[in-house]
Amino acid sequence: MPPDSETKNAMPKRLYIETVGCQMNMLDSELVVASLRQQGYELTSDFNLADTILFNTCSVREHAEEKVYSQLGRLRRLKESHPEKVIAVMGCMAQKDQKIVFDRAPYVDLVVGPGQLHRIPDLISEIQNGGGRKMEVSMGRRDGSVEQIKRSHESFDPLRDPEMRPSPYQAYVRIQIGCDKFCTYCIVPMVRGPEQGRPPQDIIREAQALADQGCLEIVLLGQTVNSYRYQDGETTVRLRDLLYPLHDIDGIKRIKFVTNYPKDMTYELLEAVRDLPKVSPYLHVPAQSGSNRMLERMKRGYTVEDYRDMMQRIAETIPGAAVSSDFIVGFCGETEEDFQQTVQLVEECRFKNSFIFKYSERPGTRGAELYPDDIPLDVKKRRNNELLELQNRICEEENEKFLGERVEVLVEGLSKQAVNQEAETPEELRSNIVQMTGRTHCDRIVVFEGNRRQAGQILPVAIYDTTAHTLFGTVVTDCVGPEVYSLNL
Ligand code: SAH
Ligand code: SF4
Ligand code: F3S
């Protein structure tokens, strides 16, 4: 029996966690939860019952921050009546706001930046033992030498515990932290620190361990994942060099990577995606705008012509590849003409999907210093809706092309509808037929009638209906040949 299991049983502690933000935050939350579970914590979905309440936060838009502050507001009373409960704010907003979190929510006990996550279990214990309020953040981008700043942003990649992953079949694997692109609108380089590639042997070891635990799909994570580089003596290891050894791991069936930076989408990388069947023919490469004037102001480092060339390169190298994008509408000084150039680009590129955001000024960025946030909110909203409508039409048309086609689906579990209805349909439970969901190799969502045991399998599904965001299908069971029939005669 492990030495701590007695204390574990003696003191079950409960943890409530809320996560907002990107996949990097999802992964951070997963790993922090796992590290706290090792300290005897169990998860609860009711913060009233929790001993520790954690918020993993995002600073990319003001709205994401306000949501957290308003959630924190709801805890004021609880903390007054239960001062022993620990309230912690971690992640990007913790790094950006630091002491401001305590000013706005004085009953918060702990503020931890994304570069200090490994400290969380100890810090919580110290607070529980009467150590008082704590803050642990990394250095700012101007607070020391590059090496010092890098060291202060530590990647948190402890060994993965199969019991504690949200899905047994899929896992995020971090390959890079931070960002050095400094797009003028973006807070990420300030809160996540300098770009640092994780050593290739660590990445491969983690992927192998995940495969040994039954994981089928890994998603490699980095803010600009295709800019990944790691200096190994004389040689520089790039993303394409990682893909080959990862592809060799038995058990891993699918490999994806997000998010890509257009300028670093090299021909060599595309060749690897083409040549390695386990690597999904799916690329998320945000364009942000279709106007060169805006791209220049955003300091994206490419022109719309470069982006079009890249799209052409993708189409020629990996025919049928799905590409998705992000756009910001209403960035400083965006005219109707600039916006129409974005509309034109979306019309041409026929993205699998696009995430469209209204520009939100972020204090601490170059954009906030250099340009006034001068596009009225109603104009931002109108442009957002117009682009969204166009993208939805494209999604519908592109999905329709799958009608009658057969796709390979990695089954993830019950569909959203089935999860919501589960309690109400006992006959479904009895018959075992239930709506399941999964994704194609090119990342399209598929819903089909199946059963729970199919979760974690890769199945052929014939598509009979489509909407903008979903393909509906039936699992294909191959025909039984005449020789089998003859056995029965
Ligand atoms: N590293 C990724 C994602 C960054 S954040 C990348 O470089 O693509 C995800 C998306 O949020 C961005 O692609 C951008 O479209 C959007 N975004 C970033 N800062 C924003 C801001 N200040 N206002 C509105 N949207 C923003
Ligand atoms: Fe932000 Fe640009 Fe870095 Fe993406 S590449 S994280 S948008 S600074
Ligand atoms: Fe948000 Fe931080 Fe991700 S600011 S988008 S959670 S890197």
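Modeller: What follows is a walk through the ligand shells and then the cysteines.

This is a predicted model, in which local features need pLDDT of at least 70 and side-chain atom pairs count only at pLDDT 80 or more, while totals for chains, interfaces and linings use all residues. Residues are numbered from 1 along each chain as its sequence is written, chains are lettered from A and ligands numbered from 1 in the order in which they are written, and side-chain values use heavy atoms, with hydrogens and water left out.

Around ligand 1 there are 14 residues, of which Tyr185, Gln223, Gln288, Asp326 and Ser360 come nearest; a residue is near a molecule or strand if one of its heavy atoms lies within 4 Å of it. By class, this shell has six nonpolar, four polar and four charged residues, where Ala, Val, Leu, Ile, Met, Phe, Trp, Tyr, Cys and Pro count as nonpolar, Asp, Glu, Lys and Arg as charged, and the others, Gly among them, as polar. Domain 2 (165-280) and domain 3 (284-400) each give at least three residues to the shell of ligand 1, the bounds coming from an automatic or database domain assignment. Strand 15 (322-329) and strand 16 (354-358) each supply at least two of its residues, strands being DSSP runs (E, at least two residues) and helices likewise (H or I, at least four), numbered from the N terminus.

A polar side-chain atom of Asp326 lies 2.6 Å from an oxygen atom of ligand 1, a backbone N or O atom of Tyr185 is 3.0 Å from a nitrogen atom of the ligand, and a side-chain N or O atom of Arg61 is 3.1 Å from a ligand oxygen. The protein covers 90% of the 540 Å² of accessible area that ligand 1 has on its own, by the Shrake-Rupley method with a 1.4 Å probe.

Tyr185 and Gln223 also belong to the surroundings of ligand 2, which include Cys179, Lys181, Cys183 and Arg300. Lys181 sits in the loop between strand 8 (176-177) and helix 9 (188-192), and counts as buried because its relative accessibility is 19%, buried meaning under 20%, exposed over 50% and partly exposed in between (1.4 Å probe, protein chains only). The side chains of Lys181 and Ser227 are joined by a polar contact of 3.4 Å.

As for the cysteines, the whole structure has zero disulfides, a disulfide being a pair of cysteine sulfur atoms within 2.5 Å. For Cys332, the nearest cysteine sulfur, that of Cys183, is 14 Å away.

Note on methods. A polar contact is a pair of N or O atoms within 3.5 Å; within protein, one must be able to donate a hydrogen and the other to accept it, and residues adjacent in sequence count only if both atoms are side-chain atoms.
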